[in-house]
Amino acid sequence: MTPAPVPPSGPARTGHCQCRRVTYRVLGDPIDPHLCSCPHETRISGAPAVLWVGFDRAGLTWTGPGGEPTWYATWPTLRRGFCPRCGTHLVSVADDSDTIMVTGFSLTDRSGTDPVGHSYRQEAVPWMTIALA
Ligand SMILES: [Zn+2]
Ligand SMILES: [Zn+2]
């Protein structure tokens, strides 16, 4: 039997969708905050880049009245969670990953989440210029 993953220690932060039906808490330090401009994601989000911030998946708790978001498999190895009432894109998780990626702008406290990289920079629109942390 595989032991249950040990939740990380460290500070808690919260996040929520626009209507607050789906809210969450994550623990520990942010992992690899980065922007992504892949064609898949820019279409889903409607934005030229998405800010992703990783946290230890074992420290994630869904805390709102709606429980978990509605999950969509948008890629063969990836699921994304959206609020079923307001549609906010909240999280993304790869099948075999120990890290949950939350959308940076769903976080209540964005300290320490300045992006350190930009995936698919070459796919980004040329008019978007970004100074990375
Ligand atoms: Zn909502
Ligand atoms: Zn992407």
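Reader: What joins E6 to E7?
Author: A hairpin, through 2 residues. Bear in mind that this is a predicted model.

Reader: In what sense do E6 and E7 pair, and over how many bridges?
Author: Antiparallel, over 5 bridges. E6 covers residues 70-75, and E7 covers residues 78-82.

Reader: Which residue in E7 stands opposite Ala 73?
Author: Arg 79.

Reader: And E7 to E8, how many bridges there?
Author: 5 bridges, with the strands running antiparallel. E8 is residues 89-94.

Reader: Which residue in E8 is the bridge partner of Leu 78?
Author: Ala 94.

Reader: What about the hairpin of E7 and E8, how many residues between the strands?
Author: It has 6 residues there. One of the residues in this hairpin, Gly 87, takes a positive phi near 85°.

Reader: Switching to the largest nonpolar core. Which residues touch the most other members?
Author: Met 101 and Val 102, in a core of 20 residues.

Reader: Which elements give two or more residues to this core?
Author: Strands E2 (23-27), E3 (31-36), E4 (50-56), E8 and E9 (99-103).

Reader: Which one gives the largest share?
Author: E4, with 5 residues.

Reader: Back to Val 102. What is Val 102 in contact with, leaving aside neighbours within four places in sequence?
Author: Gly 15, Val 26, Val 53, Phe 55, Leu 90, Val 91 and Leu 107.

Reader: Where do side chains point along a regular strand, in general?
Author: They alternate between the two faces of the sheet.

Technical notes:
Residues are numbered from 1 along each chain as its sequence is written. Chains are lettered from A and ligands numbered from 1 in the order in which they are written. This is a predicted model: local features need pLDDT of at least 70, side-chain atom pairs count only at pLDDT 80 or more; totals for chains, interfaces and linings use all residues. Two strands pair if DSSP finds at least two bridges between them. Helices (H or I, at least four residues) and strands (E, at least two) are DSSP runs, numbered from the N terminus. A nonpolar core is a set of buried Ala, Val, Leu, Ile, Met, Phe, Trp, Tyr and Cys residues joined through C-beta atoms within 7 Å. A residue is buried if 20 or more other C-beta atoms lie within 10 Å of its own, exposed if 12 or fewer, and partly exposed in between; C-beta atoms are placed from the backbone. Two residues are in contact if their C-beta atoms, placed from the backbone, lie within 7 Å.
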